[in-house]
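Here is a short report on how one protein chain is put together. Have the sequence and the 3D view ready as you read.

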Amino acid sequence: MDNTIFGRYTNYDTPIHRIEPRVKIILMIILIVPVFFKFTNWYTNMIMVAILLIFFFLITALSRTKIRTLLRSLSTMWFLILFLLVVYLFVPNSSYHIVMVQFSGGYTLYWDSVYQCFYIIIRLFLIVAIAMMLTCTTKNTDLTYAFEWYMAPLKVVHFPSHAIAMTLSIALRFIPTLLEESSRILKAQESRGIDFSHGGFGRRFRAIIALIIPLFNSAFSRSDELAHAMEARGYDPNAKRTRYRKYPLHSVDLYATLIILAFFGLFLALYIIDRNNPIDIINLLSGVETNSIFIVEAVEEVL
């Protein structure tokens, strides 16, 4: 649990950290949209997903976030990954045709199911990792301001935009705190002889109860302390807010927007073309290779 970085801001002075929070949220959404683009050919899909992964890892390196730490923080997705493996590999589907292995008991494993499972897992990884990148490079106060700014038009219908934004900010702030608290309670209960990793379902359920009840008690105590602290400082959610910090736009916001929009525009154009005329990357690359060989031979003849 200590490996997780979800909701935990890392204080670095990088171009990704310096992007204005309102711009960063929009760019995150734009970057997530191409993950849902599905092309006609499976190998075109995999190549496009690989391009998205490379682009994301470049952003990760630019923000000075360790890829190994990011992967460890996604360890909670292993249960979902195993569930997807079971569903795609063992649940029959009439759309699968390419046989991988045929067992004597009548069960057949298809390459189509392996591809679909791998493709879904990579897309889930990208969606979660991009969202985590937002929380790792943006302060909670900046996220609160951005959420409140986007919900400002709803104030016309008396929507409590500031209260909702503050709630989201507090939730993001306390995710790593509660995870650290759960790790502390887990170690304390293990030192008292409670075994969380062995035994049957009933025994493990009782062990989890011994973890959840103190965790809920600690969460309610912290929320009560936070409420009293905010009241003591005169916090009024209905009062007109003033801000110490200003959030002007800088050149880094413009450059980041142009890069993300160009990347998104390329994916969107390829997706639209593929809808009308399926893109065959392999034939396209082989055609480029053939043309290159022809050009080289022509130049050699001239020389």
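Helices and strands here are DSSP runs, numbered from the N terminus; a helix needs at least four residues and a strand at least two. The model is a predicted one.

**Overall layout**

The chain holds 11 helices and 2 strands. Starting at the N terminus, the order of elements is α-α-α-α-α-β-β-α-α-α-α-α-α. The chain has 303 residues, and 34% of them are buried. Take the contacts between residues at least 6 apart in sequence: 75% of these join residues at least 24 apart.

**Helix H2**

Helix H2 covers residues 21-32. How many of the 12 residues of H2 are buried? The count is 10, so H2 is largely enclosed by the rest of the structure. The buried set is Pro21, Arg22, Val23, Lys24, Ile25, Leu27, Met28, Ile30, Leu31 and Ile32. These residues pack against helix H1 (15-18), H3, H6, H7 and helix H10 (251-276).

Leaving aside residues up to four places away in sequence, Ile25 touches Leu134, Leu143, Ala146, Phe147 and Tyr150. Ile25 and Ala146 are 121 residues apart along the chain, yet their C-alpha atoms are separated by 7.9 Å.

**Helix H3**

Helix H3 covers residues 42-62. Its buried residues are Tyr43, Thr44, Asn45, Met48, Val49, Leu52, Leu53, Phe55, Phe56, Ile59 and Thr60. An α-helix has 3.6 residues a turn, so residues three or four places apart point the same way.

Asn45 sits in H3. Is Asn45 buried or exposed? At 2% relative accessibility, Asn45 counts as buried, because the cut-off is under 20%. Beyond residues up to four places away in sequence, Asn45 touches Phe37, Lys38, Phe39, Tyr115 and Tyr119. Just after H3 comes Arg64, with a positive phi of about 60°.

| Helix | Residues | Expected span | End-to-end C-alpha span |
|---|---|---|---|
| H3 | 21 residues | 30 Å | 30 Å |

For H3, the span is close to the expected one.

**How helices pack**

Look at H2 and helix H7 (residues 140-150). Their axes come within 8 Å and cross at roughly 75°. That angle makes H2 roughly perpendicular to H7. From H2, Pro21, Arg22, Val23, Ile25 and Ile26 take part; they meet Asp142, Leu143, Tyr145, Ala146, Phe147, Trp149 and Tyr150 in H7. By class, this contact has 10 nonpolar, no polar and 2 charged residues.

Now turn to helix H5 (residues 78-90) and helix H6 (residues 111-137). They pack at an angle of about 155°, with axes 9 Å apart. H5 is therefore roughly antiparallel to H6. The crossing of H5 past H6 is right-handed. H5 brings Leu80, Ile81, Leu84, Leu85, Tyr88 and Leu89 to the contact, while H6 brings Ser113, Val114, Gln116, Cys117, Ile120, Ile121 and Leu124. Which classes make up the contact of H5 with H6? There are 11 nonpolar, 2 polar and no charged residues.

Key: Residues are numbered from 1 along each chain as its sequence is written. This is a predicted model: local features need pLDDT of at least 70, side-chain atom pairs count only at pLDDT 80 or more; totals for chains, interfaces and linings use all residues. Side-chain values use heavy atoms; hydrogens and water are left out. Axes are lines fitted to C-alpha atoms, for helices over the stretch in contact, and angles run from 0 to 180 degrees between N-to-C directions. Angles under 35 degrees count as roughly parallel, over 145 as roughly antiparallel, 65 to 115 as roughly perpendicular and the rest as oblique. A crossing is left-handed if the near helix is turned anticlockwise from the far one by less than a right angle, and right-handed if clockwise. Contact means heavy atoms within 4.5 Å. Ala, Val, Leu, Ile, Met, Phe, Trp, Tyr, Cys and Pro count as nonpolar, Asp, Glu, Lys and Arg as charged, and the others, Gly among them, as polar. The expected span of a helix is 1.5 Å times one less than its number of residues. Buried means under 20% relative accessible area, exposed over 50%, partly exposed in between (1.4 Å probe, protein chains only).
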